[in-house]
Structure formats: structure tokens, C-alpha cells
Amino acid sequence: MLIPFFTALRDARVPVSMKEWLHLMEAMDRDIAGRKVDDFYHLSRAVLVKDEKHFDRFDQVFGKVFAGIETVGAGDEPALDVPEDWLKLLNEKYLTDEEKAQIEALGGFDKLMETLKQRLEEQQGRHEGGAKWLGTGGTSPFGHGGYNPEGVRVGGPGKQGRAVKVWEKREYRNLDDQVELGTRNIKVALRRLRRFARQGAEDELDMDATIDGTARQGWLDIHMRAERRNTIKVLLFLDIGGSMDAHVRMCEELFSAAKTEFKHLEFFYFHNCLYEGVWKDNRRRHERKIPTWEVLNKYPADWRAIFVGDATMSPYEVTMPGGSVEHWNEETGAVWMKRATQQWDKVAWLNPSPERYWSYSASVGMVRELVDERMYPLTLEGLEKAMRALTK
């Protein structure tokens, strides 16, 4: 398994030398990391990866070779002390359309959270296939692996995409800004967002003025000028994790192209909707969040704001305090989005989901309304339309 791991890293353009590989083999011979895959992951990354920008590619290769690693636990909120075997999916319940139609929501977000607290206080053991207790494979609104039109997923992978809150610690990767494959056409589309001016020191030879001056004076008359630069300033807000995992490649291509095309570019990550904090590094997002108020105050109105996300989430995440799937937000996502559009009147939302599917999600319509219908599909045509709108 280790030789394919080495070749896979080289194929993914992670610059691993034979010397570094031999150092890893020596460390394994000395049993420094033991035999656990988690420990080997940290050891191999420390030995083989020389630059942080290659961490993302390393993680992708490691996940493929070693069948993937996922850590699930408590997030920013109080931990749910739930025995692991309660959440072990032993069988899967298949419901007919008629059975699904009979399942009723609990009556709103507040009622849902109140009921969850009550059930946790009352429940004494593991349950599966039921309609009330926290468990797996049933129609209860609490647990995972089953079906309910409005519930809280506790552990386990997402299945129906209907959870209004998720209780788990979710690990995200930073987008790789070095991706080049497929970015050429994106760069061409982004070039529509340009406003050139000559700024800075006069360190560029003005050939026309030099020739004209020399001809008029009769001696060499050198003229210099400032470099012509794109003065457009861009804020890029990138939705990360959850349903956006399916669009990572497309977003990486956009991110890479944007870093090349815009001299003045600042980027931030968020999840699903804009709230009181954003971050620059997904691995440290819980410890190093940047207050959104700070971003609003730091970047004036002449910056262009581009949001990238599928806007697919529970409507509560947009309209309710506490609606975020990851933390308890004091103010709604709608409030923060309105503040953003008031601060930057040049705003565009790029949606990687096909436009024909937007009407299937209520939250997409809500976000589209919040950005004054300035939502565009993340296609070449959509990019061109967004760039034209941002230049007006």
C-alpha cells in the first residue's frame, strides 16, 4: 500500500523526493507513529510535505489510498453526550411515497430544538427504526440514516439533505489556488472586470513620448510613465463544506483564476450563509475567525463583492437566529447579507448548481432576493454576465 501512496503523491504533483520517502520509512522502522492510520497521516504529512499549499492535494491522495478519514465530534456548541452505539446504523428503513407524506414536521425551529432537549433528557438507551427517539434508520427527527422532512442530524453522513441543524465537528479543506487545468476560459471571462489606470512610480519607458521628444529636441529625450494596472478591487467570499463538496473542483479553478487576474483580491470562507464571522484558513476556522463587522469596516464601498455558493440550505439558516447548522447565530443570515449589500453596492452571487435546479430550493430564492436578483450560474456565460454587471 505504501508504494502506491508514493506514486499517487507524485502523480498529484506533490513534490515528494526519494530522500524524504526514505526518512518516512526510517521513522516507521523506529515505530514513531505506531500502526494507527491517524498517526501515520500526521507523520507522513510532516515528513513529506514541504509547503502548506500542497496540504490539500496530500489530503486528497491520502483519502483515496487509505479509504478516507473522518473525525466526528462536538462542534462549537455544547457537546451532545450520546453513546456511539446509539448512532450505529444497523438497518435502513425504506419508505413509500405515501408513508413519507404522512410524516409531519414538528412545527418550526424553536419547537424542534426544544423537543430535542426533552428527548435527550428522557432517553435511556439505543433506538433504531422508530419515530420518536434519537436513533437511526427511522422517521424520528433526531439521529441519522432515516427520513424526516425537518430534523436535526446527529452524527453519520447526510442522506436526504433535509436537516435543519447538524451536530458534528466538520472538517473542511482550503481551496487550492494553484489549480490550472480548466482555468484558462475562466480567466478570459474574469478579464471583463477591469478598469485600468496608471498608478505608482514612473518606472516604465514611454516609447511614443520618448520618440516624439527625441525628434523634437534633436537629442535623446527619455520619458517614463507609471505602469498601467487593473484598479478593480475584489472581495471573494467562498462557501465551503456540506453540499459545496460536490463543487470543489469548479471553485478551485475559479479561485486560482481570480488570484491571477486581480491584483487587489481578498478572499474569505463562510458556510452556507454569511453570519457574524468569516475565516481565511479552514483548518483553523474555529480558533481564527474574523468578525464580519471588521470586514465591513475595513473594505470601503469601491470594492466588488463576489459570493460563491449553491445557496442550498434550510430556510431557517437565512431567516432565524440560531438557524445556522454549525453554531448559534445571534442574528439571522438575512441581516448579515443585507449589511453586505448595503456596504458594497457592486455584488454578485455565483451559484455552481445548474440554474434549472434553483427553483427546487426555497433558500436559493431567498438568497437571490437578498442580492437583488444578482445571482448567476457558475458557467462561462454566467461569469461574463456577472462581470458585466460588476463593471456598471
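In strand 10 (residues 264-270), Leu265 is the bridge partner of Val234; strands here are DSSP runs (E, at least two residues) and helices are likewise DSSP runs (H or I, at least four), numbered from the N terminus. The chain passes from strand 9 through helix 9 (residues 248-261) to strand 10 in a right-handed β-α-β crossover, that is, clockwise from first strand over helix to second when the strands point away from the viewer. This is a predicted model, in which local features need pLDDT of at least 70, side-chain atom pairs count only at pLDDT 80 or more, and totals for chains, interfaces and linings use all residues. Residues are numbered from 1 along each chain as its sequence is written, and side-chain values use heavy atoms, without hydrogens and water.

**Strand pairing** (at least two DSSP bridges between two strands)
- Strand 9 (residues 233-239) pairs in the parallel sense with strand 10 over seven bridges.
- Strand 9 also pairs in parallel with strand 13 over five bridges, where Leu236 stands opposite Ile306.
- Strands 13 and 14 run parallel and are joined by four bridges, with Val308 opposite Leu350.

**Burial** (buried: under 20% relative accessible area, 1.4 Å probe, protein chains only)
- Strand 10 is largely enclosed by the rest of the structure, because five of its seven residues are buried.
- Arg304, Ile306 and Val308 point one way from strand 13, Ala305 and Phe307 the other, and all are buried.

**Contacts of Phe237** (heavy atoms within 4.5 Å)
- Leaving aside neighbours within four places in sequence, Phe237 is in contact with residues including Phe268, Val295, Phe307 and Trp344.

Technical notes
Buried means under 20% relative accessible area, exposed over 50%, partly exposed in between (1.4 Å probe, protein chains only).
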